[in-house]
Amino acid sequence: MTTDEERQAELQRLISRSALEWRLTFDAIAFPLLLVELDGRIIRMNEAARDLGGVSYEGAIHHPLAVLGEGHPWRAVRWLLAEVAQTDRRASTQTRGEDGRTWDVSVSPVLGPDRDRWAVVVIVDVTDTVRLQERLRRSETMSAMGGLVAGVAHEVRNPLFGISATLDAFESKFKRRTEYKRYLEVLRERVERLNLLMRQLLDYGKPSRLDLGEACPHEVMTSAIVACAPLAHQAGVEIAHEADPSLPRLVVDRHRVVQIFQNLLENAIQHSPAGGRVFFRAQAPEDGAAVRFSVEDGGPGFRPEDLDRLFEPFFSRRRGGTGLGLSIVQRIAEQHGGEVVAANRPEGGAVMTVTLPVCYDGDGRLTSQHPRL
Ligand SMILES: Nc1ncnc2c1ncn2[C@@H]1O[C@H](COP(=O)(O)OP(=O)(O)OP(=O)(O)O)[C@@H](O)[C@H]1O
Ligand SMILES: [Mg+2]
């Protein structure tokens, strides 16, 4: 080999080496990164981006962005790219996918080697950060609102109790006067509704301590089903339940966890068609650190635009609903270090999933791992 050829070969080796180094670095970055032409043709994408798009290297390079699918965050990438093509300025947005994950997406214009207009796309999964921020905001609002709500509810309860007692006295005195019966029934029903609302408000507002103890998931599920049986019967809805026989025991405030499932089952029954079936399931995910409960119905499901607001206090679309049910569910789940997620099932209907961590040392003792123990 002549010296020229040797130099050429050495140069070639150096180029391949630096290409490899660059590719390794690019792939080691944990969040999805892409280099694209402004018309959307993919020039490079790292491993995280390929995983997210579910494509191989060969299946993506030189192909249009459409090969990555129509869902989020790719839809947002395409909008932003169109914007960058027009303005030649960096564009960014936050987008939430159908699966509940939140992404920060940014597209920055860059000049390619032949002064071609290219763009760098950076996608960061900020689901956990956004959840944490929402939780913090909620707990701040809650502590401000909680005191007020609990105070008002407490004050209203006494006169309400007075009205109930007066109704009792009235009823016993004028038992025989059938012309009053109709009015009494209406009054009773309204007072009962107010009582329920006050109980819910007190429950929601008071900064309650958890009364933790061991509980068997099957028993907790059964208690909630029994409590909802009259409503299910009235609505002609069947509750089917299924639980993994090997579920670990939980360290929870039993009464409150029953309340979670009762609220979810009530919603599912209220939204089910007559003759429908509600599925209540429990399973332990593979790591065994939590138990995942789900309540599924065959109703209309959630309106997509409501998904962000379901857990807000007083958000309701149900006639006669207070809109506290799901906010109480979320509050109790979070107090237990767990979480609740609302979604629509692909085959139709709603599914609510509650994950509660198992805080049990396996030897029959409570552990101190629980956030509130
Ligand atoms: N299984 C479901 N299917 C469809 N929509 C639902 C379902 N569960 C809840 N929703 C929607 O979410 C809203 C909020 O539910 P939430 O339980 O917080 O309040 P509510 O049922 O209206 O009143 P309440 O305080 O009596 O529970 C409901 O009004 C309804 O629009
Ligand atoms: Mg409800």
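The protein is divided into domain 1 (31-125), domain 2 (127-207) and domain 3 (211-373). These bounds come from an automatic or database domain assignment. The model is predicted: local features need pLDDT of at least 70, side-chain atom pairs count only at pLDDT 80 or more, and totals for chains, interfaces and linings use all residues. Residues are numbered from 1 along each chain as its sequence is written, and side-chain values use heavy atoms, with hydrogens and water left out.

Take domains 1 and 2 to begin. Their C-alpha centres lie 52 Å apart. Six residues of domain 1 are in contact with four residues of domain 2. Contact means heavy atoms within 4.5 Å.

Now the sheet. Five strands make up an open sheet, in the order E2-E1-E5-E4-E3, with antiparallel pairing. Strands (E, at least two residues) and helices (H or I, at least four) are DSSP runs, numbered from the N terminus. Two strands pair if DSSP finds at least two bridges between them. Strand E2 (42-45) and strand E3 (91-96) stand at the edges. Each has a single partner strand, so one side of each is left without a neighbour in the sheet. From one strand to the next, the twist averages 20°. Axes here are lines fitted to C-alpha atoms, for helices over the stretch in contact, and angles run from 0 to 180 degrees between N-to-C directions.

Look inside the sheet. Strand E1 (residues 33-37) and strand E5 (residues 117-125) run antiparallel and are joined by five bridges. Glutamate 37 stands opposite tryptophan 118 in E5. Helix H5 (residues 127-173) packs on the sheet. H5 touches E3, strand E4 (102-111) and E5. Its direction makes about 70° with that of E3.

Next come the cores. In soluble globular proteins, nonpolar side chains tend to be buried together. A nonpolar core is a set of buried Ala, Val, Leu, Ile, Met, Phe, Trp, Tyr and Cys residues joined through side-chain atoms within 4.5 Å. Buried means under 20% relative accessible area, exposed over 50%, and partly exposed in between (1.4 Å probe, protein chains only). The largest core has 55 residues. Phe261, Leu265, Phe280, Phe293 and Val354 have the most contacts inside it. Helix H8 (residues 254-271) gives the largest share, eight residues. Domain 2 and domain 3 both give residues to this core, so it lies between them.

A second, separate core has 23 residues, among them Leu65, Leu80, Ala91 and Ile123.

Aromatic rings come next. Rings of Phe, Tyr and Trp (its six-membered ring) pair if their centres lie within 6.5 Å; planes under 30 degrees apart count as stacked, over 60 as edge-to-face and the rest as tilted. The count comes to six aromatic pairs. Phenylalanine 174 and tyrosine 180 pair edge-to-face, at 5.5 Å centre to centre with 85° between the planes. Phenylalanine 174 is partly exposed, at 27% relative accessible area. Tyrosine 180 is also partly exposed, at 25%. Phenylalanine 261 and phenylalanine 293 form a tilted pair, 4.6 Å centre to centre and 45° between the planes. Phenylalanine 261 lies in helix H8 and phenylalanine 293 in strand E10 (residues 290-296), so the pair ties together parts that are 32 residues apart in sequence. Both phenylalanine 261 and phenylalanine 293 are buried.

Conventions. Chains are lettered from A and ligands numbered from 1 in the order in which they are written.
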